[in-house]
Amino acid sequence: MKDTDTVAKAGASDAGTWTLGDRSVNRIGFGAMRLTGSAAFDLGEPGDRDTPVRVLRRAVELGVHHIDTASFYFSRLRSANELINTALAPYPEDLVIVTKVGPGRDPSGDWYTATPEQLRGQVEENLRQLGRDHLDVVNLRRMSQDSISEHFGALADLRDAGLIRHLGVSDVRAEHVAEARAIAPVVCVQNQYSLDVRGSGELLTYCGEQGIAFVPFFAIAGEGRDEGAGAGGGGSARVRAVAEAHGVSPAQVRLAWTLHQGRHVLAIPGTGNPAHLEENVAAGALRLTGEDMELLGVTERVTGRVPRAPRSAR
């Protein structure tokens, strides 16, 4: 039986919920990296301003209340944070905006890695751009450092000062999560993870055991894709076969597979295209079978069996 009708009518609530800090969020969220142009950062051409504003407002209408962003998401003419501010302020009470610090870009677009002392400036930059007096969640994005204790400790101080409510970490290994948790609570881990890139599988399982949200980035990108230029969502014959069986797109299969990895897994697909937004959100209603999961190369994890949403929620 094809799932075309069910998926087409879906909203973000069909993916179920998980706790992010002290807030319950729908497990399908939105990543803001692709709002600023045809590719991330300065890799493409800036688009018009009205379309990303419309995408953000439509995301919230569809039940998305978890948006992932960063002050370094900007192109020659567009800033993701400023677009979010324009589209959504005054912000809905249930909206959780997650940002990240550690890497940064100066006004000319050149990259740098913040010292612990520079993290306050990055946090304040996010506050100014978003027009907020505090940040819901801030992820420390590890660059190449072996230890994150000093950087995470600086963010913990900003949390104590009231500039941040909750902390997370990104692009880390298990020892980094342990370092961070020895300093302050960690509410989420954001690592690359997808059908084709599964190096963080043990960390995903650990987060589920500890009740920590696991937030994979580049979940739609197929193997060998240039993630900065966008996701293909197709690729392998196995993905296409499952997509055809359910009457959905390969990108929706990849997102559904991601959500099937655990009830604590939150997807943050990003797009600047209104039609792709609708498709991404609708993927939360797609329920893959055991046969589908075997064909895709892995069975469901014991922490990740997601019950079918009640019909009244569709």
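At roughly what angle do the axes of helix 3 and helix 4 cross? The legends below, which describe a predicted model, begin with this pair.

**View 1. Helix 3 packs against helix 4 through a contact that includes nonpolar, polar and charged residues.** The axes of helix 3 (residues 80-88) and helix 4 (residues 119-130) cross at roughly 35° and come within 8 Å. Helix 3 contributes Asn81, Glu82, Ile84 and Asn85, while helix 4 contributes Asn126, Gln129 and Leu130. Sorted by class, the contact comprises four polar residues, two nonpolar residues and one charged residue.

View 2. In general, strands of a sheet pair through backbone hydrogen bonds.

**View 3. Strand 5 runs parallel to strand 8.** Four bridges join strand 5 (residues 96-101) to strand 8 (residues 135-141). Leu140 in strand 8 stands opposite Val101.

**View 4. Gln190 lies in strand 10 (residues 188-190).** Gln190 counts as buried because its relative accessibility is 3%, below the 20% limit for that class. The side chain of Gln190 forms a polar contact of 2.9 Å with the side chain of Asp68. Leaving aside residues up to four places away in sequence, Gln190 touches Asp68, Lys100, Asn139, Val169, Ser170, Asp171, Val215, Phe217 and Ile268.

Definitions and conventions. Residues numbered from 1 in each chain as written. Predicted model: local features only at pLDDT ≥ 70, side-chain atom pairs only at ≥ 80, totals over all residues. Heavy atoms only, no water. Pairing = 2+ DSSP bridges. Helix = DSSP H or I, 4+ residues; strand = E, 2+ residues; numbered from the N terminus. Axes fitted to C-alpha atoms, helices over the stretch in contact; angles between N-to-C directions. Contact = heavy atoms within 4.5 Å. Nonpolar A, V, L, I, M, F, W, Y, C, P; charged D, E, K, R; others polar. Buried < 20%, exposed > 50% of the residue type's maximum accessible area, 1.4 Å probe, protein only. Polar contact = N/O pair within 3.5 Å; in protein donor to acceptor, adjacent residues only side chain to side chain.
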